[in-house]
Structure formats: structure tokens, C-alpha cells
Amino acid sequence: MSSPRSDRHSDILDLLVLTQIKGLGPARIGALLRKAQTPEAIFRFSRHDLISTPGIGATLAESIASELRNHPHTSRIRNDAARMLDKLPAQGITIVTLLDPSYPPLLREIYDPPPCLFIRGNLECANATTLAVVGTRNATAYGKKATDRITTQLASAGVTIVSGLAYGIDTAAHHATLQAGGTTIAVLAGGVDNPYTDPKGKLWPRIAEHGALVSEEWPNTPIAPNLFPKRNRIISGLSQGTLIVESHNKGGSLITAASAIEQNREVFAIPGPIFSRSSEGPNNLIERGQAKLVTSAGSILAELMPSLIQPTLFAEPAPHQPQKTPLSKQEQLILTALQEGPLHIDIIAQQTNIPSPELLVILFDMELQHQVEQHPGQIFTSSG
């Protein structure tokens with residue numbers, strides 16, 4: 001008799017193979033699992049079994065049947081999956097599947113839950129009250145300040161904050177949560193072994209320590225445009241509600257909002273100036289009645305945690321007291337330049353010889369550390 005561990009290992013391998021078969025997305029794999037009960041049984045399905053599964057017609061059934069019958073391509077996938085699983089412990093990565101009791105219950109409820117999740121950290125925080133906080137990469141000073149204030153209040157109330165570790169609002173939400181001593185989940189579009197927006201590891205190790213990094217993509221999967229909508233449905237799927245801070249009318253955050261609406265989850269939005277393109281998305285959601293207007297954590301908690309009665313949580317939070325870390329050479333150059341007074345980002349780039357793309361990342365990180373402040377027109381000043 002095989003052990004539970006070997007059975008689980010076999011189930012994981014079977015699920016990983018299924019995720020790589022063309023035409024079998026998460027929803028169809030879920031339908032097959034409900035019919036077959038085990039992944040292994042799916043590989044023994046007849047053409048009739050496949051056709052009678054919701055969402056699988058005759059043409060797709062023929063294609064899938066061909067793949068499942070010891071097709072060389074399927075065998076290669078299984079071998080690749082086995083080698084990948086052997087490497088996960090050394091990378092600090094675990095895997096949870098739809099068959100595991102520890103699979104996040106909210107995510108299990110959506111139409112197309114990922115069959116497998118790769119995790120760095122501890123995903124138990126997904127069982128608490130959860131809220132997605134998302135927004136534009138090109139966040140304004142207003143958006144970042146609003147994110148910092150509301151996310152700090154929510155984290156202090158015990159809400160787990162879910163976001164996508166993108167530049168801008170996402171990063172601000174993760175950072176504020178950690179500063180408040182809360183838990184946070186970062187859902188990645190690529191593999192969890194490569195948090196591409198934080199290559200120097202300034203944020204993601206703390207997220208893994210006080211929450212988790214999550215992805216349905218195999219490790220070493222590079223990012224691609226088609227992976228972001230898939231990622232966004234997981235962000236909303238893990239969350240009881242989604243807060244849109246800033247977004248253009250066609251921003252990726254609105255895909256997350258649409259996913260939340262489709263999943264019958266709450267949607268909240270922070271209003272912004274009617275002349276700001278960054279406020280078009282949330283303002284339109286509010287105007288169409290698709291999102292509840294919020295200006296503080298109180299109205300969000302009233303929906304997610306109605307039994308919570310702690311008015312002091314909604315007061316203006318005390319200023320952060322971040323831990324002092326040694327300044328890098330580039331940060332020192334920037335602060336020296338800003339001693340002259342407010343400077344446009346182009347002038348800072350000229351005076352420090354830091355390329356503009358790299359400078360934007362450094363300045364954003366310094367904003368999070370309350371070392372500099374950004375003003376309209378990409379003008380920066382020292383916070384000292």
C-alpha cells in the first residue's frame with residue numbers, strides 16, 4: 001500500500017501535467033476533478049467521459065485524449081515536473097493543491113481556482129479577514145498617502161492585505177502593512193522564485209516572513225502580458241473585498257475589480273480629483289455603482305468585520321518610525337542633491353548620474369522609507 005505522502009506526490013505530478021495540456025484551463029481541470037475524484041483517474045478517462053464533462057466538447061475531448069494517452073509531450077512534462085518538485089525544498093518553496101485541506105477556502109470558491117499554488121512563506125494568513133489593495137504603478141503622492149493611511153488602519157485591525165507586488169500602489173500597500181506589524185500576501189504573475197519588481201530583496205523577504213508570496217506559475221516562469229489577468233483573479237479570489245486606490249480607465253487594477261465583481265466579492269474605491277487621470281478608474285466604478293466609496297478603513301471594516309467596534313482604529317495613524325538602515329551610495333547622492341531644495345527628477349538624474357529608470361525605483365523606495373517626498377510635477381524634496 002502506498003503512503004499518503006507518495007499518493008500526494010503522485011497527485012501533484014498529475015495535476016501539474018494537467019495544467020500544461022493545451023485547452024485544459026483551471027475551470028476545466030476543476031470540472032474533471034469533480035467527476036473523477038482523483039487526478040490519476042482523469043488519465044484513464046474515455047473520450048465519452050471527457051465529452052460528458054461540462055465545458056469540454058468533442059473536438060477538445062479528442063485533443064485531450066490524445067495528450068493523456070502516454071503522449072511523449074505528456075511524459076516530458078511529467079519528468080520536468082518531477083525534477084522541479086525535487087528542487088522546491090532547497091528554494092524554500094512549498095506547493096498546495098485543490099485536493100489539500102489547507103487550500104485557501106475563499107480561493108476554492110471561485111469559478112476557476114488554480115489547481116496548484118506555489119508558496120514562499122506561510123499562507124495560513126489567507127484564512128483571516130482579507131482585503132486586496134491594488135492600483136496604478138504610476139501612483140501619485142495622494143494615492144500613496146491614501147494607501148499608507150487606510151492600509152495601516154486595516155492591518156492594525158487584523159486584516160491580511162493582498163496585492164501584486166507591482167510598483168506604485170501595490171508596493172505601498174505591502175510596505176504599510178509590514179510597518180504596521182500586519183500580514184500580507186503578494187500574488188505574482190511569474191514564478192515565486194523571481195519577484196521581478198524587487199530584485200534586490202528589499203521587500204519580498206519580509207513579505208515571506210510575515211505572510212506569503214504566491215503564484216500558480218511554475219518556478220522560473222518569466223512574466224508575460226497574458227499572465228497578469230490570471231494573477232489578478234487570484235488577488236481578488238483570495239480576498240473578501242478589493243480596494244481600488246488609483247487606476248486609469250483601462251488599468252490592470254480594473255481587471256482585478258471586474259474579477260471581484262464576477263466572484264461576488266465586495267469592491268471599494270477611493271475617490272480622487274476629477275482632473276486626475278489616475279482617478280478615472282475608481283471614480284467611474286463609484287459613479288456606476290460598482291464600488292462603494294471609501295475615505296477611511298472604517299467603512300471597509302463595517303462590511304468585512306461588522307462586529308469590530310474599535311473607533312480608535314480609524315483615527316489618524318501615528319507617523320511611522322521606520323528602522324534606520326544605512327544609506328546606499330546612490331541614496332546619499334540623492335539626499336545631497338536635495339539639500340539645495342526641491343528638484344525635478346531630471347535635475348536629480350543629471351546631478352547624481354543615476355539613469356532615470358533606476359532613479360525612479362530608488363526614489364520610490366526612499367519615499368516608502370520617508371526619506372524624500374514627491375510633489376506634483378515629479379518634484380522631490382528631502383524629508384529631513
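**Close-up 1. Strands S11 and S12 of this predicted model run antiparallel and are joined by four bridges.** Strand S12 covers residues 379–382, and strand S11 covers residues 372–375. S11 and S12 form a hairpin, with three residues between them. In the turn you can find Gly 377, which has a positive phi of about 85°.

**Close-up 2. Strand S10 joins the picture, giving an open sheet of three strands in the order S10-S12-S11.** The pairing in this sheet is antiparallel. S10 (343–344) and S11 (372–375) each have a single partner strand, so they stand at the edges and one side of each is left without a neighbour in the sheet. Two bridges join S10 to S12, and these strands run antiparallel.

**Close-up 3. Helix H17 lies across strands S11 and S12.** The helix spans residues 356–368 and runs at about 110° to S11. H17 also packs with helix H15, which is made of residues 329–338. What is the angle between H15 and H17, and how far apart are their axes? The angle is about 80°, and the axes are 11 Å apart. With that angle, H15 is therefore roughly perpendicular to H17. On the H15 side, the residues that meet H17 are Gln 330, Glu 331, Ile 334 and Leu 335. Their counterparts in H17 are Glu 358, Leu 359, Ile 362, Leu 363, Asp 365 and Met 366.

**Close-up 4. Helices H11 and H12 cross at roughly 50°.** H11 holds residues 227–237, H12 holds residues 252–262, and their axes come within 8 Å. This angle makes H11 oblique to H12. Is the crossing left-handed or right-handed? For H11 and H12, the crossing is right-handed. H11 makes the contact with Pro 229, Asn 232, Arg 233, Ile 235 and Ser 236. From H12 come Gly 252, Ile 255, Thr 256, Ser 259 and Ala 260.

**Close-up 5. Nine strands form an open sheet with mixed pairing.** Read across the sheet, the order is S1-S2-S6-S5-S4-S3-S7-S8-S9. Strand S1 (94–97) and strand S9 (292–293) are the edge strands, and each pairs on one side only. Look next for strand S3 (residues 130–134) and strand S7 (residues 241–244), which pair in the parallel sense over four bridges. Within this pair, Ala 132 has Thr 242 of S7 as its bridge partner.

**Close-up 6. Two phenylalanine rings each have a charged residue over the face.** Lys 35 lies over the face of Phe 45, at 5.9 Å from the ring centre. Over the face of Phe 43 you will find Arg 78, at 5.2 Å from the ring centre. How many aromatic pairs does a search of the whole structure find? The search finds zero.

Notes. Residues are numbered from 1 along each chain as its sequence is written. This is a predicted model: local features need pLDDT of at least 70, side-chain atom pairs count only at pLDDT 80 or more; totals for chains, interfaces and linings use all residues. Side-chain values use heavy atoms; hydrogens and water are left out. Two strands pair if DSSP finds at least two bridges between them. Contact means heavy atoms within 4.5 Å. Axes are lines fitted to C-alpha atoms, for helices over the stretch in contact, and angles run from 0 to 180 degrees between N-to-C directions. Rings of Phe, Tyr and Trp (its six-membered ring) pair if their centres lie within 6.5 Å; planes under 30 degrees apart count as stacked, over 60 as edge-to-face and the rest as tilted. A charge sits over a ring if NZ of Lys or CZ of Arg is within 6 Å of the ring centre and within 35 degrees of the ring normal. Angles under 35 degrees count as roughly parallel, over 145 as roughly antiparallel, 65 to 115 as roughly perpendicular and the rest as oblique. A crossing is left-handed if the near helix is turned anticlockwise from the far one by less than a right angle, and right-handed if clockwise.
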